[in-house]
Amino acid sequence: RREAKEVKLLLENWRGYLNEDRLPLQEGLISDYKQILKMAQVGQTTKHLPQSKEERTPEQEAEFRDILDNKRDAHRHILASAYYTNKLGAGMIKGLGELIEIIGALKSKLKGGPFDSGWAMDSANNQIGIDLGKENQGASIEEINQIVLDRIESGNFYTADGKTLHRDMQR
């Protein structure tokens with residue numbers, strides 16, 4: 001119980017720090033991230049499928065879940081890591097990505113779930129993004145997004161275990 005309270009306090013303090021005006025580039029980084037979320041949503045759309053679960057066939061449901069659970073999540077992680085690597089550097093983004101995953105795992109544990117946040121998959125896809133960011137220095141967010149779209153389409157991103165590429169899962 002005491003540990004859970006300490007972790008909760010840590011998260012509240014972290015959240016407070018992020019909301020302070022003195023955080024450099026905060027406003028730009030947040031608006032950039034909103035754009036990244038939108039790009040991932042638009043790039044990995046489910047509009048071609050029935051939106052009601054009851055109306056979807058089992059195959060359509062599998063595709064719907066794959067888009068939301070794998071493709072959109074990977075798109076967001078890869079794009080954000082690539083874009084922010086260009087802005088802030090690979091070392092900082094690697095550290096922040098891991099910190100975000102730790103915070104997600106702690107939140108899960110505090111809610112009674114496992115100490116996990118999809119860490120393996122997210123960290124592996126973050127690394128793809130960091131590498132893309134280093135390879136495409138100076139590229140615009142739109143240019144990076146196109147590279148990520150192509151990568152997602154080819155299945156060259158990681159799934160739940162952080163070791164299996166999506167394209168290999170489909171065989």
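In which helix does leucine 96 lie, and which residues does that helix span?

Analyst: Leucine 96 lies in helix 4, which spans residues 90-110. One caution comes before the details: this is a predicted model.

Start with the setting. The protein has 171 residues, and 35% of them are buried. It holds 7 helices and 0 strands. Read from one end of the sequence to the other, the pattern is α-α-α-α-α-α-α. Take the contacts with a separation of 6 or more: residues 24 or more positions apart account for 67% of them.

Now back to leucine 96. Is leucine 96 buried, exposed or partly exposed? The relative accessibility is 33%, so leucine 96 counts as partly exposed. The cut-offs explain the label: buried means under 20%, and exposed means over 50%. Serine 81 and leucine 96 are 15 residues apart along the chain. Their C-alpha atoms are separated by 9.7 Å.

Serine 81 leads on to another residue. Setting aside neighbours within four places in sequence, asparagine 126 is in contact with Ser81, His77 and Gly97. Asparagine 126 belongs to helix 5, residues 119-135. Asparagine 126 has a relative accessible area of 9%, so the residue is buried. Phenylalanine 157 comes 31 residues away from asparagine 126 along the chain. The C-alpha atoms of these two are 9.9 Å apart.

Next comes the loop between helix 6 and helix 7. Tyrosine 158 is found there. Its relative accessible area is 23%, so tyrosine 158 is partly exposed. In sequence, tyrosine 158 and alanine 74 are 84 residues apart. In space, the distance from C-alpha to C-alpha is 7.3 Å. Beyond its neighbours within four places in sequence, tyrosine 158 is in contact with Met121, Ala124, Asn125, Ile128, Lys163, Thr164 and Leu165.

Alanine 160 also has its place in the loop between helix 6 and helix 7. Alanine 160 has a relative accessible area of 63%, so the residue is exposed. Leaving out neighbours within four places in sequence, the contacts of alanine 160 are Ala120 and Met121. Tryptophan 119 lies 41 residues from alanine 160 along the chain. Yet the C-alpha atoms of the two are separated by 8.5 Å.

The structure holds 2 aromatic pairs. One joins tyrosine 83 and tyrosine 84, with 5.4 Å centre to centre and 65° between the planes. That makes the pair edge-to-face, because the label applies to planes over 60 degrees apart. Both tyrosine 83 and tyrosine 84 are buried.

Why is the pair of phenylalanine 115 and tryptophan 119 called tilted? The ring centres are 6.3 Å apart and the planes stand at 55°, so the pair is tilted. Stacked planes are under 30 degrees apart and edge-to-face planes over 60, so the rest are tilted. Phenylalanine 115 has 45% relative accessibility and therefore counts as partly exposed. Tryptophan 119, at 25%, counts as partly exposed too.

Another ring meets a charged side chain. Arginine 56 lies over the face of phenylalanine 64. The distance from the ring centre is 3.7 Å.

Last, a pocket. The second largest pocket has about 160 Å³ of space. Its lining has 11 residues. Gln44, Lys71, Leu149, Ile152 and Glu153 lie nearest the centre. Helix 6 (141-154) and helix 7 (166-169) each supply at least two residues of the lining. The largest share, 4 residues, comes from helix 6. By type, the lining divides into 2 nonpolar, 6 polar and 3 charged residues.

Notes
Residues are numbered from 1 along each chain as its sequence is written. This is a predicted model: local features need pLDDT of at least 70, side-chain atom pairs count only at pLDDT 80 or more; totals for chains, interfaces and linings use all residues. Side-chain values use heavy atoms; hydrogens and water are left out. Rings of Phe, Tyr and Trp (its six-membered ring) pair if their centres lie within 6.5 Å; planes under 30 degrees apart count as stacked, over 60 as edge-to-face and the rest as tilted. Buried means under 20% relative accessible area, exposed over 50%, partly exposed in between (1.4 Å probe, protein chains only). A charge sits over a ring if NZ of Lys or CZ of Arg is within 6 Å of the ring centre and within 35 degrees of the ring normal. On a 1 Å grid over the protein atoms alone, a cavity is a set of points where a 1.4 Å probe fits but cannot get out, and a pocket is an open set with protein on both sides within 12 Å along at least five of seven lines; lining residues have an atom within 4 Å of a point. Grid points are joined across faces, edges and corners, and a volume is the space filled by probe spheres set on the points. Ala, Val, Leu, Ile, Met, Phe, Trp, Tyr, Cys and Pro count as nonpolar, Asp, Glu, Lys and Arg as charged, and the others, Gly among them, as polar. Contact means heavy atoms within 4.5 Å.
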